[in-house]
Amino acid sequence: MASILDSTSIVSLVLLVTLAIFANSACSTSRGVLEHQKLHDIGFRVTLQHVDSGKNLTKFERIQHGMKRGLHRLQKLNAMVLDASTADASQISSPILAGNGEFLMQLSIGTPPEAYSAIIDTGSDLIWTQCKPCTQCYSQPTPIFDPKESSSFSKLSCSSELCKALPQPACKDGCEYLYSYGDYSSTQGILASETFKFGDVSVPKVGFGCGDENVGDGFTQAAGLVGLGRGKLSLVSQLKEPKFSYCLTSIEDTQTGSLLMGSLASLNSTASEVKTTPLITNPSQPSFYYLSLEGITVGDTKLSIKKSTFALQDDGSGGLIIDSGTTITYLEESGFDLVKKEFTNQIDLPLDRTGSTGLDLCFILPKGADEVKVPKLIFHFDRADLDLPGENYMIADSSSGVLCLAMGASNGMSIFGNIQQQNLLVHHDLEKQTLSFVPTQCDQL
């Protein structure tokens with residue numbers, strides 16, 4: 001055994017890819033059709049699976065795939081915010097969205113119900129799936145939805161509230177939409193109403209995009225997307241359900257996580273386990289879930305990061321969002337540089353300068369080491385100090401002999417990514433405008 005530093009988080013290594021990281025830090029559904037306003041009395045659960053689950057990938061390969069998607073997503077999210085703060089709304093032809101996410105949910109659409117998988121995205125609102133007859137559709141793992149085969153399908157009128165919520169609707173054969181994504185994928189079609197089934201719970205009259213012209217490779221692992229943002233078109237808003245939670249398993253885990261709505265999203269943990277911070281709204285991007293990050297501690301050192309570093313600016317730029325669709329956390333560059341410097345100072349290992357992992361900070365593991373101590377990491381959110389388990393920020397691979405910090409630098413917006421959220425119940429309360437973290441074994445929830 002090799003021990004490095006007298007710290008509070010420990011990384012344990014096993015040959016190949018498996019590792020366990022220990023830290024002293026706090027590491028009913030109902031059948032039948034429900035009216036939207038009654039969902040908070042019932043609730044439902046759906047399973048969440050990582051998009052790369054089942055593929056023959058090592059942990060580092062999964063992270064690298066996710067980072068490639070996440071860096072692209074970060075660039076587009078930043079561009080969206082900057083465009084919204086400077087553009088004349090009348091000149092915007094269609095929204096440019098971040099693109100594919102990292103987790104899939106299972107649901108059914110129509111009467112009789114047909115099963116589909118969809119990407120969940122807390123960074124957007126529109127729910128959509130590919131529909132027949134396709135002018136252009138990408139290859140998906142399940143049959144394409146056929147509106148003619150469903151008795152509960154109906155087009156939404158141009159005067160409907162959901163149509164009015166679209167950025168630039170067109171009114172021809174009903175309410176038409178066009179969404180373009182940052183990876184050059186796009187979906188175009190009509191806005192419609194349909195019965196959606198989540199687990200055993202059926203919900204009528206859910207507004208969604210029925211896309212008959214869909215382009216790009218960004219969504220081929222799913223039949224479409226379910227937006228969980230704060231806008232009117234999202235699943236959360238349409239269900240009139242102010243509370244929802246998700247719980248994401250570790251990136252290399254083959255087990256499934258969960259999305260909880262309604263009564264199942266209640267917080268039952270003791271007060272000491274729950275860390276609650278206010279949600280902030282950005283008027284230029286009201287769909288995003290912004291948090292106030294006020295500081296960061298590495299080991300016993302609270303970093304000298306200016307409080308304004310992660311603050312949301314008056315023009316809508318900057319700030320930090322929590323996002324299920326981004327793999328690693330990206331911090332504004334000046335803040336990340338201080339985090340990187342402090343980890344370098346506190347971990348007594350040689351730096352890996354090969355750049356082979358794609359991560360900004362990696363160390364060379366000592367041969368034969370089966371346990372490595374690393375500094376603790378605490379995110380100081382407004383009213384909530386989140387002391388992360390070691391596995392939520394340090395990634396080790398004994399086969400390649402490296403230990404890496406699962407974080408990177410950004411310019412502008414910062415993002416709290418899903419590796420940092422793994423095995424935490426992330427609870428959204430849109431009534432109280434708060435977000436809570438609860439340490440949870442997500443595959444046992």
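Contact here means heavy atoms within 4.5 Å. By that criterion, and leaving aside neighbours within four places in sequence, Phe381 is in contact with Thr277, Leu291, Ser292, Leu293, Glu294, Leu320, Leu386, Phe416 and Phe437. The model is predicted, so local features need pLDDT of at least 70 and side-chain atom pairs count only at pLDDT 80 or more, while totals for chains, interfaces and linings use all residues. Residues are numbered from 1 along each chain as its sequence is written, and side-chain values use heavy atoms, with hydrogens and water left out.

Phe381 also belongs to the largest nonpolar core, which has 74 residues. A nonpolar core is a set of buried Ala, Val, Leu, Ile, Met, Phe, Trp, Tyr and Cys residues joined through side-chain atoms within 4.5 Å. Buried means under 20% relative accessible area, exposed means over 50%, and partly exposed lies in between (1.4 Å probe, protein chains only). The residues with the most contacts inside this core are Met105, Ile296, Leu331, Phe343, Phe379, Phe381 and Phe437. Strand β13 (residues 201–215) gives the most to the core, with 5 residues. Strands (E, at least two residues) and helices (H or I, at least four) are DSSP runs, numbered from the N terminus. The core draws at least three residues from each of domain 1 (43–72 + 96–264) and domain 2 (267–444). These domain bounds come from an automatic or database assignment. A second, separate core of 18 residues includes Ile119, Tyr138, Cys163 and Ala222. In soluble globular proteins, nonpolar side chains tend to be buried together.

An open sheet is formed by 4 strands in the order β20-β19-β25-β26, with antiparallel pairing. Strands β20 (301–302) and β26 (384–388) stand at the edges, each with a single partner strand, so one side of each has no neighbour in the sheet. Two strands pair if DSSP finds at least two bridges between them. Strands β19 (residues 293–298) and β25 (residues 377–381) run antiparallel and are joined by 5 bridges. Val298 stands opposite Leu377 in β25. Helix α5 (residues 333–346) lies across β19, β20 and β25. The helix runs at about 15 degrees to β19. Axes are lines fitted to C-alpha atoms, for helices over the stretch in contact, and angles run from 0 to 180 degrees between N-to-C directions.

An unreviewed UniProt entry places the feature "active site" at Asp121 and Asp323. UniProt positions are given in the numbering used here, feature names are shortened, and annotations may be inferred rather than shown by experiment. Asp121 is in strand β7. Asp121 is buried, with a relative accessible area of 2%.

A cis peptide bond joins Thr111 and Pro112, with omega about 0 degrees. Pro112 is in the loop between β6 (103–109) and β7 (114–121). Another cis peptide bond joins Lys132 and Pro133, with omega about -5 degrees. Pro133 is in the loop between β8 (128–130) and β9 (154–155). Lys240, a residue other than glycine, has a positive phi near 55 degrees. Lys240 is in the loop between α4 (235–238) and β15 (243–247), and is exposed, with a relative accessible area of 58%. Gln433 is not a glycine either, yet has a positive phi of about 60 degrees. Gln433 is in the loop between β31 (424–429) and β32 (434–439), and is partly exposed at 28% relative accessible area.
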